[in-house]
Amino acid sequence: MSDVEKLIIIGSGPAGWTAAIYAARANLDPLVFAGRPKSQPSTILPGGQLMLTTEVENYPGFPEGITGPKLMACFEQQAVRFGTRIVTDDGLNPDVSNPDDGHSYKYQDCKSVDFSSRPFKVVAEDDKVYLAHSVIVATGATANWLGLENEQRLARSGGGVSACAVCDGAMPIFRDKELAVVGGGDSAVEEATYLTKFAKKVHMIHRRDELRASKIMAERALSNKKIVMQWNKVVVDVLGDDSIRAVKLKDTKTDKESELPIGGLFVAIGHTPATKFLDGQLDLDSKGYIKLKDPYRSTTNIDGVFAAGDCVDSLYRQAVTAAGMGCKAALDAERWLADQGVH
Ligand code: NAP
């Protein structure tokens, strides 16, 4: 079957591109479904969540920091340099030499997969069917947002609204300010606790009067003198022109509205893994994350299908951990293909 790909990688965040770099260097000639820009309906955002981040200061190797889109362009260029191919509208590899040319609009998204028999089938959005001996799923997850217009505007412009305190919290714009975290789960507590290292005060805005977070984490937040609980409150608007100056809150019990002046807002209301397109063909946990057969590897319930990055990992969710998982998936795929006699 000469038209069967050795390896198809679905996803183009740190996990997908790292898998592609390793697979390409192992002569697996990987084919990547990189997804569509966020402005168009897609299962995958090309470049993943870092495309929505401004400065990345914790990715090793960049002592001065690097922007999220630039970092992902570097990943992509490195993958292409070793022979990675990308599925595009016109069937050609895009010119990835200029990271600012917005070339991602040409990428084809993956619409569906059929893992019921081998070779596996991966269907592009133009309905073309690609066959593969092995597949790595690295479609990531998206942070849930409140869905407010001003929240999105200030998140896009680097105006002090973020969905990741570990990524953005240490930036100078947040230092010694009063900040707010929305949510009442473990992530919200973790983010609020982390922010207390830099902030004057951190308000935790939660829609109920009891945290969802585990007991130990909840106690950590409640006993932290720098954390102020804003119980029974929802954010109904984010105020500020170029940067955030306050949030408008509504009390869920009394409907009374108030303004809370802050210098930064961190939304920590959960993530949604991009796994719907799998249509139940891989084992998922109750929240939709792909379950690995062996937690130390990248194997799934289907032999020859591997998974990596935030579509698997609801805990760490860092670019560097996703990249590590992508590396493991490529090495697992390489060994599995060799065992199958596919070279
Ligand atoms: P989560 O447990 O689902 O909590 C999400 C929080 O956001 C909940 O408090 C929820 O409120 C709130 N929320 C959801 N939608 C909202 C909306 N539209 N407006 C306002 N608030 C909203 O998510 P998570 O905290 O990201 O945790 C995900 C998983 O990772 C969990 O299993 C968690 O234990 C784990 N985790 C563990 C650690 C750790 O152990 N160190 C750290 C991070 C995450 P309600 O409570 O009212 O539903």
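Which residue forms a salt bridge with Asp209? In this predicted model, local features need pLDDT of at least 70 and side-chain atom pairs count only at pLDDT 80 or more, while totals for chains, interfaces and linings use all residues. Residues are numbered from 1 along each chain as its sequence is written, and side-chain values use heavy atoms, with hydrogens and water left out.

The partner of Asp209 is Lys253, with 3.8 Å between the closest N and O atoms. This pair links distant parts of the chain, 44 residues apart: Asp209 sits in the loop between β12 and α6 (215–222), and Lys253 in the loop between β15 (246–251) and β16 (257–261). Here a salt bridge is a side-chain nitrogen of Lys or Arg within 4 Å of a carboxyl oxygen of Asp or Glu; helices (H or I, at least four residues) and strands (E, at least two) are DSSP runs, numbered from the N terminus. Asp209 is partly exposed at 47% relative accessibility, whereas Lys253 is exposed at 61% (buried means under 20% relative accessible area, exposed over 50%, partly exposed in between; 1.4 Å probe, protein chains only).

A search of the whole structure finds 11 salt bridges. Among them is the pair Glu178 and Lys201, at 3.9 Å from N to O. Glu178 belongs to strand β11 (residues 178–182) and Lys201 to strand β12 (residues 201–205), so this contact ties together parts 23 residues apart in sequence.

Arg297 also forms a salt bridge, with Asp332, the closest N and O atoms being 3.0 Å apart. Arg297 is partly exposed, at 35%, but Asp332 is buried, at 6%.
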